[in-house]
Structure formats: structure tokens, C-alpha cells
Amino acid sequence: VLPIHRQKAYLESLTNEILLSEPGSLPPAQIRDTIPRLMDAWACHPITTADAILQSASTNPTMIKGGGLQYSLTIEKLLKRLIDERYASPEEIAIHTQEYNALLTSWARTSTEHCRDVEVAMASAIRATSILVQMQEMYETQGTTQPDEISFRTVLSAWGGVAVLVSSDSTQLYHVASHLQSILEWMVDLCINGKNLEVNTVLLDRELFHSVMALMSKASVTKYAGIRSIEQCERMLHKMELLSEYERNRLKSANNTVSPDTNTYNFVLQAWSKADTIADSSTTSILNRQVVANRAYQIFHYMERFSHVEPNQKSYSCVIHALAKSGTKEHVMKASDIILKMENRFLQTGRTDMLPTTMCYNNVINSLAKCKDFRGIPHLATKVFQRMKRLYEDYDADVCKPDVFTYTSVISAYAFVSGNKNLKRKSFYMAMDQWKDLKSNPNLGFANQVTYGTLLRACANLLPESTERDEAVRLFFEECKVNGFLTPRIVDQVQTAASTALYQELMASCTTN
């Protein structure tokens, strides 16, 4: 077997022999036999790491001496020569799908194998896509070069390679996902309209749609992609429903490989649940979060009532997150109702996958504690917390195990109670009880600086200036001191809650130590 560099030199010699000759000067039999074989040989010729480095270092593609880019451009020249021979040769020179597939394979390899340059990878995938579209157009107008399953899978793999290369860059990932979405939508239209029988649900399966929706969902956290990636996720869901309906009518069967399932809806719900983190400071308003919460709830409601799929734990988690983040009374109560519904389903069926997770509970309890319409009404957050704790203790359900964030949110609910002196004092000691409960259960976690900051705010808000208040402040200060929580923020809160004399004494003790 010849070494790779000798194989390449031999291929270059044969290729130049054809490309440097005039069209029509070579025997048609030689053209029909040699050019397709050369194209296949270049398409599968190994791309070495050294080739890739040389490709990445070059700023002028026409000067590249190695790598997949050179091979792809060489195959394009051979294909062009084959086309020229159709007009120059006295005999019929046919061009088949196989020749175009060799070119697609080469461009796909350029974007995947040892490629370090995002621009080269992206350009290669775009070029492969344009060739695929050209093949389909020629098939529709001339009846030749019908793209087959290999053609479509090759282009999709090219974009898959680019997705891996840009996986850490959400903006670039959005571009990749957008291209893939456009290709999939085009393929769905080809299938439904009968323009290419090679495009079917064996090729367009649920897994393919999910892989693109996963990219869209991941890209939704960026300001650049934002709402567009979420809307495109929904469009993908709609296309799956159209294709599924087409298959049901064609096969007279409800079972097919492309109908949306629970995970499909979850990709859309997850994208929406992240939506409030993508807006900049000028657009992060209550109205925007309400829009997000409303749309997530609409999708969830449709999934629950009208679709053929059942929500799972992740579905509930996503919609609860979106509703809780809205912060409005209406949405917070909807999130609370969903939590209660999940609890009841668990108690009725024993299905642990229906239990709300710790994160679900934390989102709801925190939103009840912070919602301005419920400010000073701690019993709502406390009731949810008590049910959470009871499920954890009675059923040994680690999935809903309370943690430090749970306790801190409950303490926060008590910290801002308003009313007469006795009510506020009672609320303070209820907050203290939660802190003591956490301290007595180290398996649930340990109070952190946010917990102590909230307790100090409770001192300032709930207790009048008195020895009692100073003693509480001293206690929390000493806990912060021992645990290394004396941050500038904690010190500011100590100053707000403590008397002047106590504050000076505590600061002096820090300086002395």
C-alpha cells in the first residue's frame, strides 16, 4: 500500500492530466470511467492533522496545498469538467447522483475532520447545502441528479460537525441551528408535497428534530438569539405535527416515528422557561415576563388537555419555573396549583416521577415570599413548605428534599410581615424557628450568608430597637463571623439592624481579632 503522500501525488497526477486537457479531447469512455472514480477517491482521501493546520493557517483558499478544502475544490473542478464534456463530447455523458454525493461528502468532511477554523467549517456546510438545493432544483426541472437519503444525511452531518465546533459559542450555535431548521422545513415540504420520495419519515425522524430543537433551546439564553430561537423551536414542533398528520393519513396508522412526544414539548417549554434571562436591562419588565409565563402555560395547557402526550416531571418543572419567575399574583398561584396537582397525583398513583422536585418547590416558595401581592402573608409560602417537608419525611422522597434555599425563602416570607408590634414579633420568632430547624438538620444543608442576611433584615423590620433586637443581631453576627460570612453586605445589614453602641462594639471585636 502506498503511503498517503504518494497516494495524493498519484491522484494529483491523474487529475491534472484530465483538467489540463481540452474538453472533448479525451475519449468519452475514459471520461465516464475516470472522472467519477477520481471524485470518489478525493472524497475519501484521508485528511491529516497536518493538512488541517495548513488549511487553518492559510488566508488565501486558492493557495491551500492540503486539507479537505483542497479536495473539495478539486472535486468541484472535476464535476465542472464532467458537465463541460456533456456539451463537447459527441457521445452522451451522464451525471449521476453518486457524483454529486462524492462532492457533498468532501464538503462535509471539510467541516468535520480535524477542522479548527469555524469560518471554514461554516462555509463548507453552507456550500454543501447550496449543492443539495441545486440537485433538487435540477431533479424537479430536468429529472436528473435526484438527491437521495445519502445526500440529505451528508449535508445534515456537515452541520452537525459545525455544531460540535461552535458548541461553546451560543451565538454561532444559533446560526447553525437556524440553518438546520431551514433544511428540515424544506425537507418536510418536499416530503408532504411529494417532490422527492427519498425524503420520508425514515430520514425525518423524531430524533433528528429533537437534535435541532436542543440546539435552539441552548441558543435561547443569548441576547442575540432570544425570542427568535424560541419561536423557531415552536415552528419545528408545528412541522413535526404536520408531518405526523401526513403520515397518519398516508399509512392509516397513529404510530409513526415523527409524531411529537413529551420530550418535543419539553424542548419548547425549556426554551420559554429560560426566556426571562435573555432580555437586557431595558426590556426585562414585568410585562415581558408575563408574556413568557403566559406562553409557557398555554403550551403546557395544550399538552395536558389536547395533545396525545402526557407531561412529565421536566414539563412541570419548566412551566413552574416560567410562572414563578413572572412574579405576578396570577402566575404565582398557577405555579402553586401545579405543585398541588403534582402532589395529589403522586398520592393517588404512587408515581415518584410525578413528585415536584426541590427546584420546583424552591421556585414557588420564593415567588410566594417575594410577590408584592403576598408581601407580609407568610402562611402561603409556609403551607407549601410544610407539604414539601412532609412528603420528604413520610415517603423518604429525596427528589423534594428541602435545602438551604428553601429555608431561606421561608425566612424571607416572614421577614417582611407588616402589622402591629405583637404580630411582627411573632413573625420574627417564626423565622428564628426555621433557622433553628435548619441548624438541627445538617443533612438538609447549612445556613449561608444569604440566610443570615435575611435574618438580619428580619431583625430590622420586625423588632423595635431594644435589647432583644441587639441580642438577635449579636447572635447572627457571631454566626457569620465563625462561618466566614462577614462580607460588606452583611456588615451593612448589621449596621442597619444594630444599635450604634452594639455596631461599634462588634466592629471593634473584628479589628481586635
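## A buried serine in a loop

Ser307 is buried, at a relative accessible area of 15% (buried means under 20% relative accessible area, exposed over 50%, and partly exposed in between, using a 1.4 Å probe and protein chains only). The model here is a predicted one, where local features need pLDDT of at least 70 and side-chain atom pairs count only at pLDDT 80 or more, while totals for chains, interfaces and linings use all residues. Residues are numbered from 1 along each chain as its sequence is written, and side-chain values use heavy atoms, with hydrogens and water left out.

Where does Ser307 sit? Look in the loop between helix H12 (286–305) and helix H13 (313–326). Helices here are DSSP runs (H or I, at least four residues), as are strands (E, at least two), and they are numbered from the N terminus. A polar atom of the Ser307 side chain lies 3.4 Å from the backbone nitrogen of Val309. For reference, a polar contact is a pair of N or O atoms within 3.5 Å; within protein, one must be able to donate a hydrogen and the other to accept it, and residues adjacent in sequence count only if both atoms are side-chain atoms. Setting aside residues up to four places away in sequence, Ser307 also touches Tyr265 and Tyr302 (contact means heavy atoms within 4.5 Å).

## Two loop residues with positive phi

Thr145 isn't a glycine, yet its phi is positive, at about 50°. You'll find Thr145 in the loop between helix H6 (118–142) and helix H7 (149–165). Is Thr145 buried or exposed? With 7% relative accessibility, Thr145 counts as buried.

Asp396 also has a positive phi of about 50° without being a glycine. Its loop runs between helix H16 (379–395) and helix H17 (404–415). Asp396 is exposed, at a relative accessible area of 60%.

## Buried residues inside helices

Cys459 belongs to helix H19 (residues 449–462), and its relative accessible area is 0%, so it is buried. What does Cys459 touch, not counting residues up to four places away in sequence? The list is Phe428, Arg469, Ala472, Val473, Phe476 and Ala497. Phe428 is 31 residues away along the chain, but its C-alpha atom is separated from that of Cys459 by 7.2 Å.

Thr154, in helix H7, is buried at 12% relative accessibility. Apart from neighbours within four places in sequence, Thr154 is in contact with Leu104, Thr105 and Ala108. Gln70 sits in helix H4 (residues 68–88) and is buried too, with a relative accessible area of 15%.

## H20 against H21

Now for the helix pairs. Helix H20 (residues 467–483) packs with helix H21 (residues 488–497) at an angle of about 165°, their axes 10 Å apart. The axes are lines fitted to C-alpha atoms, for helices over the stretch in contact, and angles run from 0 to 180 degrees between N-to-C directions. H20 and H21 are therefore roughly antiparallel (angles under 35 degrees count as roughly parallel, over 145 as roughly antiparallel, 65 to 115 as roughly perpendicular, and the rest as oblique).

The H20 and H21 crossing is left-handed, meaning that the near helix is turned anticlockwise from the far one by less than a right angle; clockwise would be right-handed. H20 brings Arg469, Asp470, Val473, Phe477 and Cys480 to the contact, and H21 brings Ile490, Val494, Thr496 and Ala497. Sorted by class, that gives 6 nonpolar, 1 polar and 2 charged residues. Ala, Val, Leu, Ile, Met, Phe, Trp, Tyr, Cys and Pro count as nonpolar, Asp, Glu, Lys and Arg as charged, and the others, Gly among them, as polar.

Helix H9 (residues 206–219) and helix H11 (residues 262–273) pack at about 10°, with axes 9 Å apart, so H9 is roughly parallel to H11. On the H9 side are Arg206, His210, Met213, Ala214 and Ser217, which meet Asn263, Thr264, Phe267, Val268, Gln270 and Ala271 in H11. The H9 and H11 contact has 5 nonpolar, 5 polar and 1 charged residues.

The axes of helix H14 (residues 329–349) and H16 come within 12 Å, crossing at roughly 25°, which makes H14 roughly parallel to H16. Their crossing is left-handed. Ser336, Ile339, Leu340, Glu343, Phe346 and Leu347 of H14 meet Val384, Arg387, Leu391 and Tyr395 of H16, a contact with 7 nonpolar, 1 polar and 2 charged residues.
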